[in-house]
Amino acid sequence: MKRYIFKRVVTTIVSLFVVITITFFLMKFLPGGPFTTERRVAKTYQIINEQKANLNRGITEQYIDYIQAIVHLDFGESLQYKGYSVTNIISDSFRISLKVGSGAIIFSIIMGCILSYFGVRFYGKCIEKIISNVGMIIISVPGFIVTLVLFYMFTVKNSLFPISYEGSVYSILLPCIALGIYPTFYLYKIIKNGILQILKEPFIVTLKMLSISNKKIIFKYALKAVLPSLFAAIFPMAASLITGSAVVERVFGLPGISSVYIQSVLNRDYSLVMAITLLFSVILALCTFFADMLSAIVDKRITYIN
């Protein structure tokens with residue numbers, strides 16, 4: 001087990017280093033720059049700004065400085081938002097995305113488990129067919145359409161929720177549902193299909209012959225067998241939800257991290273883009289790591305296979 005953990009830690013560190021390196025050089029090779037996107041900027045003013053930001057140095061020197069800054073967790077100031085540090089910008093925007101993402105995770109896990117229970121309990125009956133068909137439609141339809149429909153029905157037409165972010169928990173309730181409705185049916189599909197497949201295994205047939213109740217078989221035996229694949233789905237999904245959705249944030253007026261990320265890419269704000277990319281990569285790497293660890297704890301065969 002220790003060897004498996006060490007291997008996963010080394011793989012995570014190497015992956016983060018590769019992402020950092022690729023992001024750095026991609027941003028540097030993009031046409032334009034943080035000071036060339038502004039209109040009617042004098043050449044002298046542009047050179048002065050590049051000197052202040054150390055952008056006039058060689059790309060190798062910039063890369064070394066960037067790696068050293070990351071080691072010291074010093075991301076510097078934003079090149080577009082003068083006087084604001086990258087850390088503060090990310091902190092303010094990520095706080096909102098974290099709230100919405102956490103709410104979406106809770107919503108999707110609870111609803112996914114409830115729907116999965118009904119899907120397994122009433123498999124082949126009308127209830128299961130309705131849930132499966134609705135889920136197929138939700139998964140097939142682009143996410144922005146579902147978001148716009150929810151926004152129109154519950155804010156514009158009926159005014160049940162605030163039309164934009166007001167800082168309260170109630171104002172992020174609908175964005176949580178909009179962000180979590182697709183993962184809900186994704187988890188439903190994984191849990192339901194996994195349990196139904198496990199119920200066909202010979203050891204389940206033996207348990208039924210021993211007159212063990214269906215509920216105990218599902219929750220104690222079948223669900224445990226599905227947990228590794230469930231962890232593999234939930235944790236990367238959680239990373240995606242926590243880092244936000246640009247569509248949901250734009251529709252509901254949320255100043256989240258995804259909107260800041262897109263704007264920083266358009267502005268060629270190197271410091272902000274690379275810091276947010278690193279944040280996204282760390283979150284995804286940690287979620288994947290925890291998924292692997294929990295899967296290895298539940299299913300001891302994983303450590304031996306690896």
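**A close look: one serine, then the rings**

Analyst: Ser 271 has a relative accessible area of 18%, so it is buried, the cut-off being under 20%. This is a predicted model. Ser 271 sits in helix α12, which covers residues 270–298. Which residues does Ser 271 contact, leaving aside its neighbours within four places in sequence? They are Phe 75, Glu 77, Leu 79 and Val 86.

Now the rings. A pair of aromatic rings is described by the distance of the centres and the angle of the planes. The count comes to 12 aromatic pairs. One of them joins Phe 154 and Phe 161. Their centres are 6.3 Å apart. Their planes stand at 75°, and the pair is edge-to-face. Phe 161 also pairs with Tyr 170. Here the centres are 5.2 Å apart and the planes are at 25°, so this pair is stacked. Phe 161 thus takes part in an edge-to-face pair and in a stacked one.

Phe 154 is partly exposed, at 27%. Tyr 170 is partly exposed too, at 44%.

Phe 24, Phe 25, Tyr 63 and Tyr 66 form a cluster through ring pairs. A charge also meets a ring: Arg 121 lies over the face of Phe 122. The distance from the ring centre is 5.4 Å.

Note on methods
Residues numbered from 1 in each chain as written. Predicted model: local features only at pLDDT ≥ 70, side-chain atom pairs only at ≥ 80, totals over all residues. Heavy atoms only, no water. Helix = DSSP H or I, 4+ residues; strand = E, 2+ residues; numbered from the N terminus. Buried < 20%, exposed > 50% of the residue type's maximum accessible area, 1.4 Å probe, protein only. Contact = heavy atoms within 4.5 Å. Phe/Tyr/Trp six-rings, centres within 6.5 Å; stacked < 30°, edge-to-face > 60°. Lys NZ or Arg CZ within 6 Å of the ring centre and 35° of its normal.
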